[in-house]
Amino acid sequence: MIYKFVLISDEVDPFKREIQIDPDATFLDLLQIIYQSINYSDPEIASFFISNEDWDKKEEISLIEKDNNPEFDSWIMEETPLTEFIEDEQQRLMLQFDYPKERFFFIELSEIITGKNINKAKCTLSVGEAPQQYEKEDEELTTPLKTTKQGIDIDESFYGDQDFDSIEIEGFENLEDL
């Protein structure tokens, strides 16, 4: 049996990948073939989320163990076979690949191919370029602040409003008051 997944992104159009993988493979195997197919470097953190037809997050399968609380089930990609959570066509999952920005790939089991086997996961269709693995910071946020002998130069560009009036912030005339 072979699972055929379709991977899309809401950030880039057109972008699509089709992945074929053995159902007994782990979520880590699926992560690795996805990253290979889109030329991403190995992640430090990533998670699959089992979701419903409305893309609501349900169970999380993470790359690294996040919680040692015995009251809650914890699923690790390396230890969890796909068949643990996926058995029906149209099953949906999300792959969170950029945690600070909460960016996802949307994945659906498009077909279960019976009567065939696959030894190694592979990408069978590649359309378009994947989004950048990590979003770049906004230029305004990375622009260095001017400093003076008294400290940081706070003017209207610091607050993004040319009508800025420091009196609007009552009781805090300078940063030392914070």
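In this predicted model, Glu 111 and Lys 4 form a salt bridge whose closest N and O atoms are 3.4 Å apart. Because Glu 111 lies in strand β7 and Lys 4 in strand β1, this pair ties together parts that are 107 residues apart in sequence. The two partners fall into separate accessibility classes: Glu 111, at 32% relative accessibility, counts as partly exposed, whereas Lys 4, at 17%, counts as buried, since the cut-off for burial is set at under 20%.

Lys 4 also forms a salt bridge with Glu 18, where the closest N and O atoms are 3.8 Å apart. Here the link runs between strand β1, which holds Lys 4, and strand β2, which holds Glu 18, the two residues being 14 places apart in the chain. Glu 18 is buried, as is Lys 4. These contacts belong to a network of salt bridges that joins Lys 4, Lys 16, Glu 18 and Glu 111.

The structure holds 6 salt bridges in total, and three of them are set out below.

| Salt bridge | Closest N to O distance | Strands |
|---|---|---|
| Lys 4 and Glu 111 | 3.4 Å | β1 and β7 |
| Lys 4 and Glu 18 | 3.8 Å | β1 and β2 |

Arg 92 leads on to the pairing of strands. In β6, Arg 92 is the bridge partner of Ser 51, and strands β3 and β6 pair in the antiparallel sense over 5 bridges. Arg 92 is also touched by Asn 52, which touches Lys 58 as well, when residues up to four places away in sequence are not counted. Asn 52 itself lies in the loop between β3 and β4 (57–62), where its side chain reaches the backbone nitrogen of Asp 54 at 2.9 Å and that of Asp 56 at 3.0 Å.

The strands named so far belong to an open sheet of 8 strands with mixed pairing, in the order β5-β4-β3-β6-β7-β1-β2-β8. At its edges stand β5 (75–76) and β8 (122–127), each with a single partner strand, so one side of each is left without a neighbour in the sheet. Helix α1 lies across β1, β2, β3, β4, β6, β7 and β8, and runs at about 140 degrees to β2.

The largest nonpolar core has 33 residues, of which Phe 5, Leu 30, Ile 34 and Phe 48 touch the most other members. Two or more residues of this core come from each of β1 (2–8), β2 (16–21), α1 (27–38), β3 (47–51), β6 (92–98) and β7 (103–113), and the largest share, 8 residues, is that of α1.

Terms used
Residues are numbered from 1 along each chain as its sequence is written. This is a predicted model: local features need pLDDT of at least 70, side-chain atom pairs count only at pLDDT 80 or more; totals for chains, interfaces and linings use all residues. Side-chain values use heavy atoms; hydrogens and water are left out. A nonpolar core is a set of buried Ala, Val, Leu, Ile, Met, Phe, Trp, Tyr and Cys residues joined through side-chain atoms within 4.5 Å. Buried means under 20% relative accessible area, exposed over 50%, partly exposed in between (1.4 Å probe, protein chains only). Helices (H or I, at least four residues) and strands (E, at least two) are DSSP runs, numbered from the N terminus. A salt bridge is a side-chain nitrogen of Lys or Arg within 4 Å of a carboxyl oxygen of Asp or Glu. A polar contact is a pair of N or O atoms within 3.5 Å; within protein, one must be able to donate a hydrogen and the other to accept it, and residues adjacent in sequence count only if both atoms are side-chain atoms. Contact means heavy atoms within 4.5 Å. Two strands pair if DSSP finds at least two bridges between them. Axes are lines fitted to C-alpha atoms, for helices over the stretch in contact, and angles run from 0 to 180 degrees between N-to-C directions.
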